[in-house]
Amino acid sequence: MNIEITSKVISQIIPRPGLYDLGGDLDNDIQIVLDWLSPYYPENLNNNKPTKIVDPSVRVKKAIHGYLKHESNQIEFVMVYINTISSQFETKFVADLSFLEYIHMVRQLSHYYNCHLDYLNLTNRSRMIFTRKLNLLINSKLSHTKMEEYFAERLFGDLSSQSHFELIDVITTLTSINLTNELNSTMIQLAISTIKRNIKEIATEKWTVPILDSINNCITTQIYPTFSLVTSYTESPAASYLSSLNTTAHDELVHLRISEIYTMVSTYPSSIPALEELHLCLTSSTKRRQLTTSFIDSMRKHLLHSGADTVDIIHIYIKTMQSFLIIDPRGVLLDQVIRPARKYLRTRDDVVIKLVHGMLNNNPSSKLYELAVELTRKQESIVRDEGLKWTPDPIDALADFKRGKHDVIESLLSIFTSKEVFIDEFTRLFGKQLIEGGDVQDIEEKLVLLKSRFGNDLFTMLDIMIRDIRQSGLYQGDLLRMSVLSHLYWPSSMLEHDSFSVPDLIQQRFDEFKSQFINDKPGRTVKHIPSLGSVTLELEINHETKSFVVTPLQAAIIDLFNEKSDEVSVNDAATKLSISEYTATQALNFWVDEKVLMKLTSTLYIANEDDESF
Amino acid sequence: MKVKILEWKSFATWHWDLATSADDSGYVEELCGICRVSFDGTCPNCKYPGDDCPIVLGSGCTHNFHLHCILKWLEQESSKGLCPMCRQIFTFKEPEQTSDVLINLKTLIDGHRVMRERFQQGNEQEFEAFGADQDLQMA
Ligand SMILES: [Zn+2]
Ligand SMILES: [Zn+2]
Ligand SMILES: [Zn+2]
């Protein structure tokens, strides 16, 4: 309904009796007011010389007083007036203004209309209706995009005094035309996107240093001052904003960390600062769920597949435990994220051997060094102070959540229902080391640690094996050093070896040893295992002396060439040592590789000596 | 070329040298008739085999046992000093070196012999009255 304000219209809507009282010429009075109000849209706004508002004359005042006496008349007048202004807006309001030009325009228009209105003696209600409608007209010309752009540049930067005043000007203007809500929501959106951007810049892949302080600092020094400035003019509850801003920032950080969690865990312990801060910020159960889901997804994708090395899986398993206990010391999240890895590890048949080797490898460069460290840790220290005060199970704990099972080794061992598999592996590994002349003292020390984990009873075999080796010191003779094993207590695979004939000299020594043993231990005898052990020998060849530590079979083979310049055939060697030709060839080829023997034909070998020695 | 062996580190296994298992090819797993564990292992109460848990070779019969096992058996009155396998009177081959445990074993065996002799004397006196019962008990 576009009704232009004319005296004809006015006389139609304002009943005569009210105007009649004035005793004047009604149509003429209306015209007088309208003339004074015109132009209905100020002219020359652009060149800053807008239409001057002239104080109304006595005649105008009299006319106003005459027919705008009653509120109902005022309201109807206001409606028609605003309609008229509205149609003027359509044609005269300059589109394409910059935001600041718009603000400037708003101030001039408000001033122009409000000055006129001041003289109309409107009731509060009539005036409010006019103001509201005028604001709507002006608001409709605001480009929200331009406003956001403007604020995006100014809001959270340095507040120099000049931009500070400009900002206040803009804020008050917007507030005056009832754009407070828009202003607030723009500000909040900008604050959020600024926080997001900042966190992305500050926090992405930065896990080795604490960053929460700098995030909080950025909010207090960069974002909050603008906030409080704006809210001081918009009369919004500023105080509650600061904590909301902090919450927003923490949520955003958590959001970022959720996407990074797997890599963060893999870089433990250098990521400890980030993990600790995640612990502080991770408060909602939704985010906790998102975190575990994200981690499990990544772990499945990166680790729990046939291409991954078992050691790597265990390696990450340990880091996962350590990391998630920082994020959630109660172990609820750990319990959830570790399950897929546990389930997967059960499908790998080399887990036990890798764990056993890991626990016993004291080399800090070992990927599973953590296990060796854990093993040496005193058992007492594992019992943490969790038992001191009882708390109900956390609500997001799975049904069979077990509290306090946070020891790395304990957790890994519990993947398997029986400890026997580990004991067998320890026995095999130590047995091999003992046979190969490993440090018995060192093995005993490790065994003490293992016993404190697994219990004493399970290591009887190893105790006996160690005693066998310790007692072998009793049987040291010239050349031959014998260890006598209690055959029932060694892994049978270690003792089952093909036999062969040792050199006569060694056989003599063994026979001497045997009769000594029988003499010392009435009722008992010994059985030689020739292929087990090692031999240290020296070769004098081409006027040079070379030292070797070789297997007994290799020693027996080379002994066939002692002080002999003739060739030896594979068949000869095999017969003399009572071994297969295949085994003989292998041992002969060992010495060829060492350049001690030479192959004359495929079955004839000779010492690799210079001619002069013949 | 000269080959000079400096050290030959080698391994052997020890075994109880039982008459029945003494063949060149190796050893025969023989179990103690009481605890059913190999002689090269231990009785149920021992941890370390060999010196700490020796075996005893029967001389009256061919049955051998862990020393601790036969000791425990003979400590029971009801054993009557008999071999648990063949029920003959248990005697053993005394090794050159003796030990406290072997002396205990000897004492037990002697004790049983004394009991048997007393029992036999008593029975001879009451032979006429309880002849039938005595036959039963001896079986
Ligand atoms: Zn026994
Ligand atoms: Zn024993
Ligand atoms: Zn017997």
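Along the chain, the donors of the zinc ion (ligand 1) follow the spacing C-x2-C-x30-H-x2-C. Keep in mind throughout that this is a predicted model.

**Stop 1: the zinc ion (ligand 1).** Select this ion together with B:Cys32, B:Cys35, B:His66 and B:Cys69, which are its protein donors. What is the arrangement of the 4 donor atoms around the zinc ion (ligand 1)? The angles they subtend run from 95 to 118°, and the arrangement is therefore tetrahedral. The rule here asks that all angles between four donors lie between 85 and 135 degrees. For comparison, ideal angles for four tetrahedral donors are 109.5 degrees.

B:Cys32 has a relative accessible area of 0% and is buried. B:Cys35 has 18%. Is B:Cys35 buried or exposed? Buried means under 20% relative accessible area, so B:Cys35 counts as buried.

**Stop 2: the zinc ion (ligand 2).** Next select B:Cys43, B:Cys46, B:Cys53 and B:His68. Their donor atoms, SG in the cysteines and ND1 in the histidine, lie 2.0 to 2.4 Å from the zinc ion (ligand 2). In sequence these donors are spaced C-x2-C-x6-C-x14-H. Which distant parts of the chain does the pair B:Cys46 and B:His68 link? B:Cys46 sits in the loop between β1 (2–16) and β2 (55–57) of chain B, while B:His68 belongs to helix α1 (residues 67–75) of chain B. The two residues are 22 residues apart. The 4 donor atoms around the zinc ion (ligand 2) subtend angles of 95 to 118°, so this arrangement is tetrahedral.

**Stop 3: the zinc ion (ligand 3).** Select B:Cys61, B:His63, B:Cys83 and B:Cys86, which coordinate this ion at 2.0 to 2.4 Å. Again the cysteines use SG and the histidine uses ND1. The spacing of these donors along the chain is C-x1-H-x19-C-x2-C. Follow the chain from B:Cys61, in the loop between β2 and β3 (64–66) of chain B, to B:Cys83, in the loop between α1 and α2 (100–125) of chain B. These parts are 22 residues apart in sequence, and so the pair ties them together. B:Cys61 is buried at 9% relative accessibility, and B:Cys83 is buried at 0%. With angles of 104 to 115° among its 4 donor atoms, the zinc ion (ligand 3) has a tetrahedral arrangement.

**Stop 4: where the chains meet.** Show both chains. How many residues of chain A are in contact with chain B? There are 57, and they touch 31 residues of chain B. About 4300 Å² is buried between chain A and chain B, with carbon and sulfur atoms giving 57% of this area. On the chain A side, select A:His487, A:Arg524 and A:Lys527. These lose the most area to chain B, together 16% of what that side buries.

The rule finds 5 salt bridges across this interface. To see a salt bridge, select B:Asp51 and A:Lys521, where the closest N and O atoms are 2.6 Å apart.

**Stop 5: chain A.** Chain A contains 28 helices and 6 strands, and 48% of its 614 residues count as buried. Finally, select residues 412–592 of chain A, which an unreviewed UniProt entry annotates as "domain: Cullin family profile". This stretch is 52% helix and 19% strand, with its end C-alpha atoms 47 Å apart.

Key. Residues numbered from 1 in each chain as written. Chains lettered and ligands numbered in written order. Predicted model: local features only at pLDDT ≥ 70, side-chain atom pairs only at ≥ 80, totals over all residues. Heavy atoms only, no water. Donors = N, O, S within 2.8 Å, 3.2 Å for Na, K, Ca; no water. Tetrahedral: all angles 85-135°; square planar, octahedral: opposite > 155°, others 65-115°. Buried < 20%, exposed > 50% of the residue type's maximum accessible area, 1.4 Å probe, protein only. UniProt positions renumbered as here; feature names shortened; annotations may be inferred. Helix = DSSP H or I, 4+ residues; strand = E, 2+ residues; numbered from the N terminus. Contact = heavy atoms within 4.5 Å. Buried area = accessible area lost by both parts, 1.4 Å probe. Salt bridge = Lys/Arg side-chain N within 4 Å of Asp/Glu carboxyl O.
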